[in-house]
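Subject: Structure handover

Hi,

Here is the structure we talked about. Please load it first, then read the notes below.

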Amino acid sequence: AEAATAAEAEFAAMAILVLAMRQGYQSAIQDVHRSLPPSVRRSPEVSLALDLALCIDDSSPTGVNYARFFARLRDPATPYLLCCLAHQHFSRVRRVALEMLAATQESKEGSGGIPVARLVRALGYDDEDHCREALELVGIPVRGGVAYVAKVKLGEAKSFELVDARRVRYIDAKMPSCSPAE
């Protein structure tokens with residue numbers, strides 16, 4: 001069996017993530033995966049793309065797995081271009097995550113909220129300032145480093161998209177450096 005080139009594997013992974021952006025994409029992803037040569041199908045890049053697609057699939061039995069999604073993107077081994085494609089999912093994944101957290105917080109008696117520091121990593125923000133600013137823009141009050149997500153009606157989906165248009169430092173840090181040809 002011939003080994004997959006890095007480019008073949010990365011392009012296949014990008015195709016999978018592009019399909020993941022569409023409704024009803026699961027069968028298309030399976031078709032693409034089956035059509036790949038075995039060496040590409042087994043590549044770490046394709047495995048990662050399948051995992052990311054599963055993390056954002058709200059129809060899967062486990063629902064959206066926002067913590068795993070953002071952890072995989074922070075991983076230094078995750079390629080820059082896959083992170084860039086995944087960035088398009090940030091607003092939807094964060095919105096679903098906050099809805100899930102709000103439901104969880106509502107069920108807790110006298111919930112004191114969630115520390116912003118905990119949300120930074122869980123929701124893929126760069127730092128507490130970035131997270132606080134984003135939460136406030138979508139209507140979640142933050143006081144004393146704590147986000148009060150319970151019983152909050154989240155802002156419009158557009159406000160999430162505006163917040164998530166911001167560049168993310170941990171993705172930018174993965175950008176390959178290009179030096180001019182000599």
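This is a predicted model: local features need pLDDT of at least 70, side-chain atom pairs count only at pLDDT 80 or more; totals for chains, interfaces and linings use all residues.

Angles under 35 degrees count as roughly parallel.

**H1 and H4**

The axes of H1 and H4 cross at roughly 10°. They come within 8 Å. The two helices are therefore roughly parallel to each other. On the H1 side, the contact is made by Ala9, Glu10, Ala12, Ala13, Ile16, Leu17 and Ala20. H4 brings Glu45, Val46, Ala49, Leu50, Leu52 and Ala53. Sorted by class, the contact of H1 with H4 has 11 nonpolar residues, 2 charged and no polar ones.

**H1 and H6**

H1 also packs against H6, with axes that come within 10 Å. The crossing angle is roughly 5°, so H1 is roughly parallel to H6 as well. Glu10, Ala13, Met14, Leu17 and Val18 in H1 meet Leu81, Leu82, Leu85 and Ala86 in H6. The class count here is 8 nonpolar, 1 charged and no polar residues.

**The core**

In soluble globular proteins, nonpolar side chains tend to be buried together. In this model, the largest nonpolar core has 53 residues. Which of its members touch the most others? Phe69 and Leu73 do. At least two residues each come from H1 (6-20), H4 (44-55), H5 (66-74), H6 (80-87), H7 (90-106), H8 (116-122), H9 (128-137) and H11 (169-172).

Phe69 deserves a look in your viewer. Leaving out residues up to four places away in sequence, Phe69 touches Leu52, Cys55, Ile56, Ala86, His89, Phe90 and Val93.

**H5**

Which residues of H5 are buried? They are Tyr66, Phe69, Phe70, Leu73 and Arg74. These residues cover an arc of only 130° around the axis, so they lie on the same side of H5.

**Asp172**

Is Asp172 buried, partly exposed or exposed? Its relative accessible area is 25%. Buried means under 20%, and exposed means over 50%. Asp172 is therefore partly exposed. Asp172 and Cys84 are 88 residues apart along the chain. Their C-alpha atoms are separated by 8.9 Å.

Best regards

Methods
Residues are numbered from 1 along each chain as its sequence is written. Side-chain values use heavy atoms; hydrogens and water are left out. A nonpolar core is a set of buried Ala, Val, Leu, Ile, Met, Phe, Trp, Tyr and Cys residues joined through side-chain atoms within 4.5 Å. Buried means under 20% relative accessible area, exposed over 50%, partly exposed in between (1.4 Å probe, protein chains only). Helices (H or I, at least four residues) and strands (E, at least two) are DSSP runs, numbered from the N terminus. Contact means heavy atoms within 4.5 Å. Axes are lines fitted to C-alpha atoms, for helices over the stretch in contact, and angles run from 0 to 180 degrees between N-to-C directions. Angles under 35 degrees count as roughly parallel, over 145 as roughly antiparallel, 65 to 115 as roughly perpendicular and the rest as oblique. Ala, Val, Leu, Ile, Met, Phe, Trp, Tyr, Cys and Pro count as nonpolar, Asp, Glu, Lys and Arg as charged, and the others, Gly among them, as polar. The arc is that of the directions from the helix axis to the C-beta atoms.
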